[in-house]
Amino acid sequence: LLRATLDEAGLALKDVEVIFRGVPAIPTQRLGGKTGGRIVFGPDGSLFVSTGDRSDSPPWAVAQQLDNHLGKILHLTPEGKPAPDNPFLQTPGALPEIWAYGIRNAEGLAADPAKGLMWENEHGPRGGDELNVIERGKNYGWPVVSYGRDYAGPRIPDNPYREGWELPVVFWVPAIAVSGMEFYTGDRFPNWKNNMFVGSMRIGEILGTGHLQRIVFNERNEELRREMLLTELH
């Protein structure tokens, strides 16, 4: 994670400073995908950062382990230090930057302007893309539980529910290849106020369909409906 100053006139970054490095370092020549990498500012100016688990098939268990930064949501100060309210600061062997874990590949990360919640979406394997409310210290299950299948075919697992772990608020089977997401806060379309918009990528001819989804929730963050937009632009 870098901090820098934008020189608009020179179209360049200056005063570049590395403020955080995740561990372990994974060579992109071997594992170039599932990197995560979204950054969102919290209301107090702190940073939430997503990291992918970087695994092949069958998946590693690293997202369930607290001694690494893979498959996690991290919570940092603007200087790149562990946020003082992080849940594992006093846990032996746990990295202090971790806010939540059990994440596969967080493609989207967005703060809800109306409720103050942090939301995340992530790619499943064969099916099982997820949309989650990210909460302090919670376990989101990957790679032990999922609504998708591993690339070799087996389910992960037969029952996606496990006591004490978080189920997704929304999931997609088949996968839509989720991408970035954001809440609508404008005034031009009042019926869309505070609705969530999730992108679907189009990767080749087999993954995703390249559209936009509008998702409406009730006050308890339960899904009411979805609307597919821009499907004619495939």
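Me: Which residue's side chain does a polar contact of 3.1 Å join to the side chain of E107?
Reply: Quick heads-up: this is a predicted model, where local features need pLDDT of at least 70, side-chain atom pairs count only at pLDDT 80 or more, and totals for chains, interfaces and linings use all residues. Residues are numbered from 1 along each chain as its sequence is written, and side-chain values use heavy atoms, leaving out hydrogens and water. A polar contact is a pair of N or O atoms within 3.5 Å; within protein, one must be able to donate a hydrogen and the other to accept it, and residues adjacent in sequence count only if both atoms are side-chain atoms. At 3.1 Å, the partner of E107 is H123.

Me: Which strand does E107 lie in?
Reply: Strands here are DSSP runs (E, at least two residues), numbered from the N terminus. The run covering residues 106–111 holds E107, and that's β7.

Me: Which are the edge strands of the open sheet of four strands?
Reply: Two strands pair if DSSP finds at least two bridges between them. The order is β7-β8-β9-β10, with antiparallel pairing. Two of these strands each pair on one side only: β7 and β10.

Me: How many bridges join strand β9 to β10?
Reply: β9 covers residues 129–134, and the two strands run antiparallel. D129 stands opposite W172 in β10. The count of bridges joining β9 to β10 is three.
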